[in-house]
Amino acid sequence: MTLHRCHGPDSPRSPGSPAPPARTAPQPCLVAQSIGAGDRDWAGRVGNTAIGLTVAYMGLISLVLALAGPWSMPLFVNPADANAAAVVQTAALLIWLGAAYQVFDGLNLGCGFALRGAGDVRVPALLTVLLSWLGFLPLVHSLAFAPGAGWVPGLPQFGLGALGGWIGLLAYVAVLGSMMAWRWRSGAWRRIELR
């Protein structure tokens with residue numbers, strides 16, 4: 001696998017082009033630079049630190065958002081609407097599922113970025129595609145749609161609506177994040193030769 005400089009004067013950008021956006025994740029570059037320096041142990045420590053920081057940051061933000069939810073959600077509904085209380089009650093539950101999702105998504109992103117920096121892209125991509133198509137879509141379809149309302153005949157339908165969708169999304173990202181963490185911790189990336 002061929003790696004280019006992440007950012008800087010020798011990066012593969014055209015002259016005069018703007019710098020990459022601030023949202024560019026530093027984990028792949030830091031892990032790749034450590035491997036390029038010949039120190040895979042340091043790459044492991046850098047990757048572990050980046051993963052921990054990503055999970056901690058996303059966990060903290062999700063906790064703040066979930067705790068602020070009961071006070072902020074009424075601002076988004078019309079109090080004169082007869083369903084306003086039910087909407088706020090449903091949203092209060094969904095925001096906690098969203099908060100849990102965000103923590104596992106931090107695990108997924110942190111491990112995925114570290115693996116990408118180490119050149120381990122094929123297995124994570126395959127895991128993501130297979131889990132998305134064979135796990136996430138059928139699960140959310142089954143949980144969200146009411147019996148007879150779904151698009152795919154033969155799948156069970158439990159009719160949980162938005163709650164089912166978020167449960168499915170949380171299950172998907174929890175499994176995907178755990179699989180990415182397993183892949184990172186397995187050390188398979190240590191055997192990949194970067195050029």
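Trainee: Leaving aside its neighbours within four places in sequence, which residues is Ser-142 in contact with?
Mentor: Five residues are listed: Leu-155, Pro-156, Gln-157, Phe-158 and Gly-159. Keep in mind that this is a predicted model.

Trainee: And which helix does Ser-142 lie in?
Mentor: Ser-142 is part of helix H4.

Trainee: What does the side chain of Ser-142 reach?
Mentor: The backbone oxygen of Pro-156, at 2.9 Å. Pro-156 is also among the contacts of Ser-142.

Trainee: Is Ser-142 buried or exposed?
Mentor: Buried. Its relative accessible area is 7%, and buried means under 20%.

Trainee: New residue. Where is Leu-127 found?
Mentor: Also in helix H4, which covers residues 122-144.

Trainee: Why does Leu-127 count as buried?
Mentor: Because its relative accessibility is 18%, and the cut-off for buried is under 20%.

Trainee: What separates the C-alpha atoms of Leu-127 and Leu-176?
Mentor: A distance of 7.6 Å. Along the chain, the two residues are 49 residues apart.

Trainee: Zooming out. How many helices and strands does the protein chain have?
Mentor: There are 5 helices and 0 strands. From the N terminus, the order reads α-α-α-α-α.

Trainee: What share of the residues is buried?
Mentor: Of the 195 residues in the protein chain, 34% are buried.

Trainee: And contacts across the sequence?
Mentor: Take contacts between residues at least 6 apart in sequence: 68% of them join residues at least 24 apart.

Trainee: Last one. What does the accessible surface come to?
Mentor: About 11,700 Å² for the protein chain. Carbon and sulfur atoms account for 69% of that surface.

Notes: Residues are numbered from 1 along each chain as its sequence is written. This is a predicted model: local features need pLDDT of at least 70, side-chain atom pairs count only at pLDDT 80 or more; totals for chains, interfaces and linings use all residues. Side-chain values use heavy atoms; hydrogens and water are left out. Helices (H or I, at least four residues) and strands (E, at least two) are DSSP runs, numbered from the N terminus. Buried means under 20% relative accessible area, exposed over 50%, partly exposed in between (1.4 Å probe, protein chains only). A polar contact is a pair of N or O atoms within 3.5 Å; within protein, one must be able to donate a hydrogen and the other to accept it, and residues adjacent in sequence count only if both atoms are side-chain atoms. Contact means heavy atoms within 4.5 Å. Accessible areas come from the Shrake-Rupley method with a 1.4 Å probe; for residues, only the protein chains shown count as cover.
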